[in-house]
Amino acid sequence: MNYKIDIQEFLPVNKVGSKNNAVTFLKYETDDEALEKFRILKQNLLDINRWNINSGKNPTKFFLYDENLGDESSLAEENDLVKIKIPAPANKVGKGFDWVKIIKIKEIDNNDFQTILIRMKPHYCPENKDKKIAHFYTNDATSTFILAKENKVIQLSVHGRNEIPNTKNIGFINSLRNYFVAKGGIFGGSKIQWQDFVEEFVKN
């Protein structure tokens, strides 16, 4: 993976299952230009309701809620929940959606280096009493989004770690669904098309 900015220290160790990475970067003529773009992208990264990942005619959609599942949140905060509609058979455990929780948001501003990190992990659907994980991965998994700026370079990356298909104690149909989604057997051969996401995100 070709990183222009070293962010390895911010990533969880992959202890079980698979991992994946997606990264893209932009280089500007001046530090001021890069800083302005970083600030815009930072706001956009926190505005999860506006995220979009295209997959053919059926994009993946994201909906951000506070931890009490009240009104939709505007900008992400720790403990917020995100429900995700992917172009795959509905997740019955999650009332039709896959669910994650934001477990960490961290910002660093050190002279020429700035970064914001958002980390999520699979969660149960708050509308269900049994609290079974409503995601195609088990709650061992994490997804870490890192926007970084160093001097004139901006880098956006997404990192999946400890990814294990969620197939236990959720019924045969949902187990089958989760297995094929987790292994990339549904919607275009990739779990969620994070490389497309990072590239389009920095362009737009």
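**Charges and contacts**

A: A negative surface patch is made up of Asp 6, Glu 9, Asp 112 and Glu 150. Patch residues have over 30% relative accessible area and no salt bridge, with like charges joined within 9 Å. This is a predicted model: local features need pLDDT of at least 70, side-chain atom pairs count only at pLDDT 80 or more, and totals for chains, interfaces and linings use all residues. Residues are numbered from 1 along each chain, and side-chain values use heavy atoms, with hydrogens and water left out.

Q: Where does Glu 150 lie?

A: In strand E7, residues 142-150. Strands (E, at least two residues) and helices (H or I, at least four) are DSSP runs, numbered from the N terminus.

Q: How many salt bridges does a search of the whole structure find?

A: Four. A salt bridge is a side-chain nitrogen of Lys or Arg within 4 Å of a carboxyl oxygen of Asp or Glu. In one of them, Lys 149 pairs with Asp 31, with the closest N and O atoms 2.8 Å apart. Lys 149 is in strand E7 and Asp 31 in helix H1 (residues 31-46), so the pair ties together parts 118 residues apart in sequence.

Q: Is Lys 149 buried or exposed?

A: Buried, at 1% relative accessible area. Buried means under 20%, exposed over 50%, and partly exposed in between (1.4 Å probe, protein chains only). Asp 31 is partly exposed at 29%.

Q: New topic: which residues of helix H2 are exposed?

A: Phe 172 and Ile 173 are exposed.

Conventions: Patch = residues over 30% accessible without salt bridge, like charges linked within 9 Å, V, L, I, M, F, W, Y side chains within 5 Å. Areas by Shrake-Rupley, 256 points an atom, 1.4 Å probe, with all protein chains shown as cover. Lys, Arg positive; Asp, Glu negative; His and termini not counted. Charge placed at Lys NZ, Arg CZ, Asp CG, Glu CD.
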